[in-house]
Amino acid sequence: MGSDVLLGALEAILISIKKNIIGYILTFGTDLLIGAVADELLADSVGNGGIWTA
């Protein structure tokens, strides 16, 4: 497991990626996290107050 981190770090240092591709990757990851949080909060609010208040 430790060698995976080392290999990933070396790969990140040695391989260059265009900035717009990095932006797309970060945007995709951020959208996934926001969707997961919204889904989790929506499930709690529907459970507590019902669908109409959520």
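Predicted model: local features only at pLDDT ≥ 70, side-chain atom pairs only at ≥ 80, totals over all residues.
Colleague: Why is leucine 7 called exposed?
Modeller: Its relative accessibility is 52%. The label exposed requires over 50%, so leucine 7 counts as exposed. Leucine 7 lies in helix 1.

Colleague: Why is leucine 41 called exposed?
Modeller: Leucine 41, which has its place in helix 2, has a relative accessible area of 54%. The cut-off is over 50%, therefore leucine 41 is exposed.

Colleague: How far apart are the C-alpha atoms of leucine 41 and isoleucine 13?
Modeller: They are separated by 38 Å, and the two residues are 28 apart along the chain.

Colleague: What is the count of buried residues in helix 1?
Modeller: The count is 0 among its 13 residues, and helix 1 is hardly covered. Buried means under 20% relative accessible area. For the chain, buried residues make up 0% of the 54 residues.

Colleague: How do you know how the chain compares with a compact globule of 54 residues?
Modeller: From the radius of gyration: such a globule would have one near 10 Å, but the chain has 19 Å. The globule rule behind that comparison is 2.2 Å times the number of residues to the power 0.38. Along its principal axes, the C-alpha trace spans about 55 × 30 × 5 Å.

Colleague: What secondary structure does the chain have?
Modeller: There are 2 helices and 0 strands.

Colleague: What makes the nonpolar patch on the surface, and which helices supply it?
Modeller: Members of a patch need over 30% relative accessible area and no salt bridge, and nonpolar side chains are joined within 5 Å. The residues forming this patch include Leu6, Leu7, Leu10, Ile13, Ile21, Tyr24 and Leu26. Together, the residues of the patch have about 1,300 Å² of accessible area. Helix 1 (2-14) and helix 2 (19-49) each supply at least two of its residues.

Colleague: How much of the accessible surface of the chain belongs to carbon and sulfur atoms?
Modeller: The share is 71% of a surface of about 5,000 Å².

Key. Residues numbered from 1 in each chain as written. Heavy atoms only, no water. Patch = residues over 30% accessible without salt bridge, like charges linked within 9 Å, V, L, I, M, F, W, Y side chains within 5 Å. Areas by Shrake-Rupley, 256 points an atom, 1.4 Å probe, with all protein chains shown as cover. Salt bridge = Lys/Arg side-chain N within 4 Å of Asp/Glu carboxyl O. Helix = DSSP H or I, 4+ residues; strand = E, 2+ residues; numbered from the N terminus. Buried < 20%, exposed > 50% of the residue type's maximum accessible area, 1.4 Å probe, protein only.
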